[in-house]
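Trainee: I am new to this structure and would like to go through it step by step. Please show it to me before we start.

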Amino acid sequence: GVLKPGFYNIEINYSPKFKTKLPLIYNDLFPPSRGFRIHQGNTLKDSKGCILVGNMDKPEHLVDSKNILNMLISMIINNNVNTMIIME
């Protein structure tokens with residue numbers, strides 16, 4: 001699926017693919033089984049439809065992805081975040 005603007009549930013749960021706990025976003029259009037994983041990566045080829053986080057150092061290239069992901073996970077857990085909004 002394609003991530004569309006709207007409200008999404010967000011939770012940290014185990015990803016069998018990545019073998020660690022990662023954020024997952026989902027809603028009525030994209031149930032958890034078809035939701036979007038947030039993980040580390042540097043380029044579009046690392047994504048495969050997921051959401052990558054990091055600092056952009058040049059077009060279509062991220063750096064500090066692991067650190068940014070860890071900060072995001074801490075923020076979600078420490079603030080009991082369970083909803084996010086995707087905007088255009």
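What follows is a set of questions and answers on the strands, the helix, the core and some loops.

Trainee: What should I know about the model before we start?
Mentor: This is a predicted model, in which local features need pLDDT of at least 70 and side-chain atom pairs count only at pLDDT 80 or more, while totals for chains, interfaces and linings use all residues. Residues are numbered from 1 along each chain as its sequence is written, and side-chain values use heavy atoms, with hydrogens and water left out.

Trainee: How far apart are the end C-alpha atoms of helix α1?
Mentor: Helices (H or I, at least four residues) and strands (E, at least two) are DSSP runs, numbered from the N terminus. Helix α1 has 14 residues, 65-78. The expected span of a helix is 1.5 Å times one less than its number of residues. For α1 this gives 20 Å, which agrees with the distance between its end C-alpha atoms, 20 Å.

Trainee: In β4, which residue is the bridge partner of Ile38?
Mentor: Two strands pair if DSSP finds at least two bridges between them. β2 and β3 run antiparallel and are joined by two bridges, with Ile25 partnered by Phe36 in β3. β3 and β4 run parallel, with three bridges. In β4, the bridge partner of Ile38 is Ile51.

Trainee: How many of the residues of β3 are buried?
Mentor: Ile38 touches Ile10, Leu22, Pro23, Ile25, Ile51, Val53, Leu69 and Leu72, not counting residues up to four places away in sequence. β3 is mostly covered, and the number of its five residues that are buried is four.

Trainee: What kind of aromatic pair do Phe30 and Phe36 form?
Mentor: Rings of Phe, Tyr and Trp (its six-membered ring) pair if their centres lie within 6.5 Å; planes under 30 degrees apart count as stacked, over 60 as edge-to-face and the rest as tilted. By this rule there is one aromatic pair. The rings of Phe30 and Phe36 are 5.0 Å apart centre to centre, with 65 degrees between the planes, so the pair is edge-to-face.

Trainee: Is Phe30 buried or exposed?
Mentor: Phe30 has a relative accessibility of 5%, and for Phe36 the value is 5%. Phe36 therefore counts as buried. Phe30 likewise counts as buried.

Trainee: What is the phi of Glu60?
Mentor: Most residues other than glycine have a negative phi. Glu60 is found in the loop between β5 and β6, and counts as exposed because its relative accessibility is 60%. Its phi is positive, near 60 degrees.

Trainee: Where does Asp64 lie?
Mentor: Asp64 has a positive phi near 60 degrees. Asp64 is partly exposed, because its relative accessible area is 42%. Its place is the loop between β6 and α1.

Trainee: Which residues is Lys21 in contact with?
Mentor: Lys21 is found in strand β2 and is exposed, with a relative accessible area of 55%. Leaving aside neighbours within four places in sequence, Lys21 is in contact with Ile12, Asn13, Tyr14 and Ile73.

Definitions and conventions: Buried means under 20% relative accessible area, exposed over 50%, partly exposed in between (1.4 Å probe, protein chains only). Contact means heavy atoms within 4.5 Å.
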